[in-house]
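Here is a short briefing on one protein model. Look at the sequence and the structure first, then read the points below.

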Amino acid sequence: MKCEEIFAALELLEKERGIPQDFMLGKIIQALTAAYKKDHEGVENVIVDVNEEKKDLRMYVQKEIVETVENPGSQISLEDARAMSAKYQLGGVVNIPVKNVEFGRIAAGNGKQVIIQGLREAEHGMIYDEWGSKEHEILTGTVHRIDDHGTVHLRIGSGNEATVGLMKSTEQVPGEELTEGQLVKVYLVEVRRTTRGPQVLVSRTHPGLVKRLFELEVPEIYDGTVEVRSIAREAGSRTKMAVWSSDENVDPIGACVGPKGQRVAAVVNELRGEKIDIIKYSDDPAEYIAAALAPADVVEVRLSDEGKLCRVIVPDDQLSLAIGKEGQNARLAARLTGYKIDIKPASYTGE
């Protein structure tokens, strides 16, 4: 590959793929330098001079001028240096040109390979930067395929910016069946660097998906008037979300529910019928815990002096409602508030 061919290839890559010429040129210089050193044992300083205007590359071996040469790969005698030019002095350096024939051989053997490798690295870097900036955002993907391990491969984005998002079985909602070609909203959990390139990992079970869906439906959350303080979720079954507003004129729960329940209904629909309890956050732990146990009524919340523990008293006929099916209501309330909750009926007379 000749120098002009290398520059032409780099111009084309920048135009069609958006990969900067400087990035690719740097990769080529590294490869040419390494290749020359590999062929010439003892050589330490190799310089590749770039003339972009003339689309030319030149290679030089830099050697130190010494009285007695101990390492021919990095040193040259004063006598030999002055045979090249009388201007050279002891302690200076000489740049010795690599012959065009040898440089051409090295370039031909490495240029194309390095461009292909550099192209792959650059594209991986662009994917990582592009999608890494969208971590914790909500995205819409098309189900491309489901592999033998149960991982769903989704096509996210369009055109040259499209990539594949991976949704592992642990990030899928139990009982939710996805089919090829189906459009689905997902939460971008993480973009990982791997030896095979970036991995875009997405989820349908992450609590962040619920928050982002409400941001899409509730302008007051999007603009910060209403804040989502905490979310506890058992995907596919139930979510509890605590909301709050610093504006006394704004009802945070009402804003999330929306006119005739339209806003929360849109989120529930996207989550395929998952139940959502919206409660009002409070700085008063007892008040917050009582609200978190909705729809059950709470008689009293007794906070422990030791850590985040509490005992909650509920009417006898509300005990099963407070605990929930298989303990779900109490479990979600505990995760939402960060308190370990011990629920007892009003008739309880123990310590």
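Gly 254 sits in helix α7 (residues 252-257); helices (H or I, at least four residues) and strands (E, at least two) are DSSP runs, numbered from the N terminus. This is a predicted model, where local features need pLDDT of at least 70 and side-chain atom pairs count only at pLDDT 80 or more, while totals for chains, interfaces and linings use all residues. Residues are numbered from 1 along each chain as its sequence is written, and side-chain values use heavy atoms, with hydrogens and water left out.

**Around Gly 254**

- Gly 254 is partly exposed, with a relative accessible area of 31%.
- Buried means under 20% relative accessible area, exposed over 50%, and partly exposed in between (1.4 Å probe, protein chains only).
- Gly 254 and Ile 278 are 24 residues apart in sequence, and their C-alpha atoms are 9.3 Å apart in space.

**The open sheet**

- Three strands make up an open sheet, ordered β10-β11-β12, with mixed pairing.
- Two strands pair if DSSP finds at least two bridges between them.
- At the edges are β10 (226-234) and β12 (275-280), each pairing on one side only.
- On average, neighbouring strands of this sheet are turned by 20° against each other, direction ignored.
- β11 (residues 238-245) pairs with β12 in the parallel sense, over six bridges.
- Lys 240 stands opposite Asp 277 in β12.
- Helix α5 (residues 207-217) lies across β10, β11 and β12, and runs at about 140° to β10.
- Axes are lines fitted to C-alpha atoms, for helices over the stretch in contact (heavy atoms within 4.5 Å). Angles run from 0 to 180 degrees between N-to-C directions.

**Nonpolar cores**

- A nonpolar core is a set of buried Ala, Val, Leu, Ile, Met, Phe, Trp, Tyr and Cys residues joined through side-chain atoms within 4.5 Å.
- The largest one has 22 residues. Those with the most contacts inside it are Ile 289, Leu 293, Cys 310, Val 312, Leu 336, Ile 341 and Ile 343.
- Two or more residues of this core come from each of α9 (285-292), β14 (309-314), α11 (328-337) and β15 (340-345).
- Apart from this core lies another, of 20 residues, including Tyr 187, Val 218, Ile 231 and Ala 255.
- Leaving out residues up to four places away in sequence, Val 312 touches several residues, among them Ile 289, Val 298, Glu 300 and Lys 344.
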